[in-house]
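Please look through the sequence and the three-dimensional view below before reading on. The report then takes up a few places in turn.

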Amino acid sequence: MAEPVVRDPEVPLEKPRPATAAAGRRGPRREGAAGGATAAAKAPAWNLEALRADLHKALRAQHPQADLTMVDKAFDLAVEAHATQVRASGEPYVTHPIASAQILAELGIDPVAVSAALLHDVPEDTEYSLADVEDGFGPEVAHLVDGVTKLSKFSTHSHEQQQAENIRKMFLAMAEDIRVVLIKLADRLHNMRTLGALKTEKQQRIARQTMEIYAPLAERLGIWQIKWELEDLSFKALEPEAYRELAKLLDTRRKGRETYIERAIEELRPRLEAAGIDAELQGRPKHIYSIWKKMQRKGAEFGEIYDVYAIRLLVDEVRDCYAALGTVHALWRPIPGQFDDYIAVPKNNLYQSLHTAVIALDGKPLEIQIRTHAMHQVSEVGIAAHWRYKEGSKAERDYDAKLAWLRQLMEWQRDVSESDATEFVEGIKLDIFQDQVFVFTPRGDIKDLPAGATPLDFAYRIHTDIGHRTIGAKVNNRLVPLDYRLKNGDIVEIVTTKGEHGPSRDWMNIVRTSHAREKIRQWFKKKDRAENIVHGRESLERELRRLARTNVQTIGLDRVADVARTYQHETLDDFYAAIGYGAISAQQVVMRLGVLDDGASALPTIAPQQPARSGGVRVKGVGDLLVRFAKCCHPIPGDPIAGFITRGKGITVHLRSCPTVLNEREVSRLIEVEWEAAPAQTYPIAIRVEAYDRTGLLSDITQVMAENKVNILAANVGVSQDHTAEVVMTLQVASVAQLAKVMSRVEQLKDVLSVQRDLG
């Protein structure tokens with residue numbers, strides 16, 4: 001018997017070459033396709049027929065009349081095709097596609113997609129091709145398998161470019177057939193369940209990607225049971241000590257918690273019955289990551305988190321939800337600010353429920369969720385509920401509504417297809433994976449926007465032309481500034497002008513959605529080139545003065561021209577124009593110019609020339625080496641980079657596009673390096689604000705810091721005889737980008753004259 005091949009789920013195998021004519025046959029074996037005895041015999045240590053029976057049971061529960069012949073046929077081919085492969089854990093590899101198929105079956109996905117899940121690794125890793133799959137199972141299964149295969153192919157570009165490409169693939173696949181992504185989610189969930197067999201570094205890389213992309217994606221699709229499990233498994237890999245500590249706390253207090261929940265239910269049930277409400281009451285499962293996240297966000301101890309004690313009420317009708325809420329609030333005092341009505345205003349994935357928190361027995365906080373049985377089913381499986389209903393039903397219409405955000409994303413993705421990869425990834429995280437607010441048009445239509453969105457974001461969401469012609473906004477029939485932060489339930493009306501009008505450059509600092517920012521950028525790009533050049537030059541001068549207390553004349557045009565070439569601009573005018581219409585950030589250019597290494601800050605992005613051990617860069621395959629950043633190109637985190645072995649000085653890190661690297665003849669001294677995902681660090685930076693003195697000035701400045709999550713370490717305020725105030729503050733920031741952002745926001749405050757770094 002041939003040696004088993006250890007199959008890494010994250011690394012595609014080289015396509016095996018058939019050893020014999022029999023092994024090299026094309027297409028799935030036709031004879032005995034519905035049977036499993038021959039296939040099962042290849043892995044006697046595993047009861048494959050028991051796994052097949054479990055799969056049948058799950059499918060029959062949701063699709064009792066379905067013909068499962070194709071599923072059996074796919075099961076047998078998967079067993080045969082993966083017969084010589086094992087996982088890193090030592091298990092037969094075929095247990096992975098079977099487990100992925102089982103997850104989909106339990107969600108209620110149709111047998112066609114379950115068959116595709118069984119075969120999703122076959123064309124990539126075995127002797128069978130996609131054509132074989134299509135011959136044996138038809139074009140629909142082959143299309144799904146091909147979609148999953150494409151999602152599995154990783155780019156060889158830099159980290160951000162790779163992530164951007166994979167996200168693009170993900171959403172393109174979703175636009176064509178959402179089942180492709182559901183298979184990928186099932187695949188990822190089983191890989192996360194069996195992550196322990198991999199090396200720690202790889203566990204953390206996979207877990208980080210899962211936390212950033214796959215768990216939020218499951219949430220946006222409303223598949224909460226997958227979302228919670230992905231988060232807990234990722235948290236376990238990324239923060240093992242915190243995970244163990246919380247798990248131990250939950251386990252230690254489990255008996256007391258269960259007793260408390262039983263007592264609360266016993267007290268609440270007769271009140272509901274007296275009100276004529278037929279309700280199913282149950283304790284709500286606890287998710288370790290969500291508890292930890294709330295503890296971090298609120299700076300709270302374990303016992304202060306409301307959903308440590310939680311009850312779920314399931315009722316038959318919507319009216320019973322509100323009646324039950326009244327009964328709960330009559331029994332126990334509600335906690336202010338802890339009520340959410342997701343029935344009247346559903347989440348963008350159509351999640352519906354009432355959430356409240358009360359002070360219940362023994363003075364302990366208790367969270368209560370109230371929803372109908374139908375709402376609960378959708379809350380568990382989200383978009384997967386689409387396959388549990390007949391076409392044309394309300395669920396069918398809901399399915400279209402669920403994907404409205406996807407269509408918006410694809411429209412924006414086409415707009416920025418040539419933009420920076422980092423911007424694309426960050427835009428996705430902001431627009432798609434962030435908490436949402438739900439607001440209304442004057443006609444009552446609901447629009448979902450990222451938390452922190454403004455009326456300008458709303459205007460551009462309605463239509464680009466409305467955004468460009470905006471001159472004001474009303475929220476709840478009252479005039480508000482354009483940087484007003486929208487809240488759930490706001491009714492937003494945009495005031496526009498009929499004549500020719502365009503956005504203000506200041507709007508780039510006001511809008512929160514990447515869609516709006518890109519539309520504004522496009523408008524300025526098409527605008528007069530001469531104006532863009534002037535604005536770009538002024539923006540760069542302003543950021544140099546503000547961040548480094550210097551200017552272009554001091555630095556020299558040759559140095560600016562060198563940096564311009566790293567952005568693929570041969571002339572300074574082209575470079576300034578790109579800054580002017582927003583394609584290049586002036587703050588990023590300041591970092592590339594290398595003028596911030598004045599000792600005023602320890603920020604690594606501020607001092608890229610400064611030698612450091614590792615410096616946020618990992619040398620592949622080599623131990624701890626001295627790493628320096630090249631002065632010729634000044635790479636910053638996220639840039640595509642290459643290493644050059646410098647005799648006696650360790651590794652010098654250059655941009656891949658740097659002429660020094662491209663022209664280097666000693667290829668043997670080039671080494672592959674990559675940016676290291678280092679833990680977040682913060683650094684003290686001093687800024688000086690000059691403004692006209694007025695009541696509330698300091699309060700407004702500190703509010704900006706709070707909104708941008710910047711801590712103030714120290715502050716000193718002085719007022720001169722001419723009533724001008726000088727505020728010197730020491731801030732705790734994580735990057736130059738964050739520093740530049742808060743300085744820009746402070747500069748926009750009323751009566752503020754200037755904001756600069758205080759270099760002492």
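## A capped helix

Which residue caps the N-terminal end of helix 5? In this predicted model, the cap is Asp110, which places a side-chain oxygen 3.1 Å from the backbone nitrogen of Val112. The buried residues are Pro111, Ala113, Val114, Ser115, Ala116, Ala117 and Leu118.

## The chain as a whole

The protein chain contains 31 helices and 24 strands, and of its 760 residues 51% count as buried. Its accessible surface comes to about 35,600 Å², and carbon and sulfur atoms hold 50% of that area. When contacts with a separation of 6 or more are considered, 67% of them in the protein chain are between residues 24 or more positions apart.

## Confidence in the prediction

The average pLDDT of the protein chain is 76, and 73% of the residues score at least 70. Over residues 388-397, however, the pLDDT is below 50, and this stretch has 12 contacts in the model beyond near neighbours in sequence. Residues 416-422 also have a pLDDT below 50, with nine contacts in the model beyond near neighbours in sequence. Where pLDDT is low, the predicted coordinates should not be read in detail.

His468 is found in helix 22, which covers residues 464-468. Is His468 buried or exposed? His468 is buried, because its relative accessible area is 10%, and buried means under 20%. The side chain of His468 is joined to that of Tyr460 by a polar contact of 2.9 Å. Leaving aside residues up to four places away in sequence, His468 touches Tyr460, His501, Gly502, Pro503, Trp507, Lys519 and Trp523.

Ser539 belongs to helix 24, which runs over residues 529-548. With a relative accessible area of 6%, Ser539 is therefore buried as well. When residues up to four places away in sequence are not counted, Ser539 touches Ile579 and Ala586.

## Two loop residues with positive phi

Asp362 lies in the loop between strand 7 (354-359) and strand 8 (365-372). The phi of Asp362 is near 60°, which is a positive value in a residue other than glycine. Asp362 counts as exposed because its relative accessibility is 56%, and the cut-off for exposed is over 50%.

Asn476 is placed in another loop, the one between strand 11 (470-475) and strand 12 (478-480). Its phi is near 55°, again a positive value in a residue other than glycine. Why does Asn476 count as partly exposed? The reason is that the relative accessible area of Asn476 is 40%, which falls between the cut-offs of 20% for buried and 50% for exposed.

Leu698, Val717 and Val719 make a nonpolar surface patch of about 230 Å². One of these residues, Val719, is found in strand 22, which comprises residues 711-719. Val719 has a relative accessibility of 47% and so counts as partly exposed.

Notes. Residues numbered from 1 in each chain as written. Predicted model: local features only at pLDDT ≥ 70, side-chain atom pairs only at ≥ 80, totals over all residues. Heavy atoms only, no water. Helix = DSSP H or I, 4+ residues; strand = E, 2+ residues; numbered from the N terminus. Buried < 20%, exposed > 50% of the residue type's maximum accessible area, 1.4 Å probe, protein only. Contact = heavy atoms within 4.5 Å. Polar contact = N/O pair within 3.5 Å; in protein donor to acceptor, adjacent residues only side chain to side chain. Patch = residues over 30% accessible without salt bridge, like charges linked within 9 Å, V, L, I, M, F, W, Y side chains within 5 Å. Areas by Shrake-Rupley, 256 points an atom, 1.4 Å probe, with all protein chains shown as cover. Salt bridge = Lys/Arg side-chain N within 4 Å of Asp/Glu carboxyl O. pLDDT = per-residue confidence, 0-100.
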